[in-house]
Amino acid sequence: MRSPRRRGRPSGRAISLPAQLDQADDAQVDGDLPYTPGSARGALSHPAFRSVWLGTFASNIGTWMQNIALGVLAYQLTHSAAYVAAIGFAQLGPLFLLSIVGGALADLVDRKRLLVACQVEQLLFSLVLAWTASRQHPSTTLIFLCVLAVGIGNALNAPVFSAVLPVLVPKRDMPGAVSLQSVQLNLSRVIGPAIGGLLLPLTEAWGIFAINAATYGFAILVIARAALPRVQRDESAPREVSGVQRLLGGLAVARSDPLVRYVLATVFSVSFFCLPFIGLMPVVAARDLHINPAGALYGALYALFGLGAAIGAVSVGTVFVTTSRMLLIRSGLAGMAVFLTAFGLIRNIWVAYPIVLLVGFAYFVTITSLSTALQAHIADEVRGRVMALWIMGFGGTVPIGLIAGGAVASATSVSTVVVAGAVVALIIGAVAWLRAPEAEVGVVGAA
């Protein structure tokens, strides 16, 4: 039996990951594993993780293809900014409103069946959406309802997927799994719009929606064939006395556990205050950078942000796999503050390109490190409900922050919104240096 050793551990203040990750470090030192534990390569060495990751990657690419086509179709049908905004809310709004329900279901029912059911629901309504858009005079009401139905399916699916993917690997490889989960989200954000933009003139919007439906079919096939672990519940833990208590179990964990509370407060704050610039990017392009938001120069700007985010995410599971998560969070927030300030003040598109890539990089180094610390810390029996709160903060809070940011931009300028987000990132980073949790705190097994 190997004696425990701690070599090359990061110094300074840091969030300690669970004992299993320490053991992974020991294994790495001893050289008894063919890959670096906790790395992206380590996660991909597990067949179940690899197949589910690839299947959902394809599905996410289809989703982003559909998102691009939806915006174009909504404007072509109505020339109404209000309708375009309503379609955007139908896509993302359910993440904020229903993620808690999805998280509760993830900890209550068979996760594999729930994932398949959500994918089937999204496939069916994507097909209805394709049929509706193919009509000579498409119903704007029916299009909105179809998009809303797909958004609801996504809101129920996202917490389940976030709870399942990291546990398809051993604890030692969880950082790599979380890193690849973030990579998938961001590469699909780059690849999907690129493919959608090329195909849209050839297939029209309804063709894009049909292709997206096919990607759901691929995800269903992969998930149905994968062996997903069942939730391991602590039989000695007290059981919920009511459905409401189960529904709000994630909130109970966040209230009682300093690390969970810190991570969730950070992601909510970053999403609300720092990310409105993404939704306001067309305004930044037109007013500050003096380029056409419908042109290729703008497409490159948006793609570079997604590329930087993907590089940042994968670096957490590769280059920075042995670096303290707290150091990455602090550094990422500091980088966001600096690069967001620069992005809000520059007026030249060629300077904006490398800056926006660095913004994406710093943002997803921060987000992926936060997610890794959270996933490694929480117990599996509450993972779905806690990750539902993460999804609310990561995705559901963004459109709310965008509404507030749009109002501020209308009253002042879009630069004010971007720089204000940088100031908030600096404040959050200062909190990370001064008051962030130092050690793991036991999570209630069944909150």
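This is a predicted model: local features need pLDDT of at least 70, side-chain atom pairs count only at pLDDT 80 or more; totals for chains, interfaces and linings use all residues.

Biologist: Why is Arg172 called partly exposed?

Modeller: Arg172 has a relative accessibility of 30%.

Biologist: What makes Asp173 buried?

Modeller: Buried needs a value under 20%. Asp173 has 0% relative accessibility, so Asp173 counts as buried.

Biologist: How do you know that Arg172 and Asp173 meet in a salt bridge?

Modeller: The rule asks for a side-chain nitrogen of Lys or Arg within 4 Å of a carboxyl oxygen of Asp or Glu. Here the N to O distance between the side chains of Arg172 and Asp173 is 3.9 Å, and the pair is a salt bridge. In general, side chains of opposite charge can pair when their charged atoms come close.

Biologist: How many salt bridges does this rule give?

Modeller: The count comes to two. Besides the pair Arg172 and Asp173, there is a salt bridge between the side chains of Arg347 and Asp288, with 3.9 Å from N to O.

Biologist: Why do you say that the pair of Arg347 and Asp288 ties parts together?

Modeller: Look at where the partners sit. Arg347 lies in the loop between helix H14 (325-345) and helix H15 (349-377), while Asp288 lies in helix H12 (residues 281-288), so the pair ties together parts that are 59 residues apart in sequence. Arg347, at 41%, is partly exposed, whereas Asp288, at 10%, is buried.

Biologist: What makes the phi of His290 worth a look?

Modeller: Most residues other than glycine have a negative phi. His290 is not a glycine, and yet its phi is positive, about 60°. His290 is in the loop between H12 and helix H13 (296-316). With 58% relative accessibility, His290 counts as exposed, because exposed means over 50%. Glu204, in helix H7 (residues 174-225), also is not a glycine and has a positive phi, about 65°.

Biologist: And why can Leu127 be part of a nonpolar surface patch?

Modeller: A patch residue needs over 30% relative accessible area. Leu127 has 42%, so it is partly exposed and passes that cut-off. Leu127 lies in helix H5 (residues 111-134). Together with Val120, Leu124, Phe125 and Val128, Leu127 makes a patch of about 370 Å².

Methods. Residues are numbered from 1 along each chain as its sequence is written. Side-chain values use heavy atoms; hydrogens and water are left out. Patches are made of residues with over 30% relative accessible area and no salt bridge: like charges are joined within 9 Å, nonpolar side chains (Val, Leu, Ile, Met, Phe, Trp, Tyr) within 5 Å. Accessible areas come from the Shrake-Rupley method with a 1.4 Å probe; for residues, only the protein chains shown count as cover. Helices (H or I, at least four residues) and strands (E, at least two) are DSSP runs, numbered from the N terminus. Buried means under 20% relative accessible area, exposed over 50%, partly exposed in between (1.4 Å probe, protein chains only).
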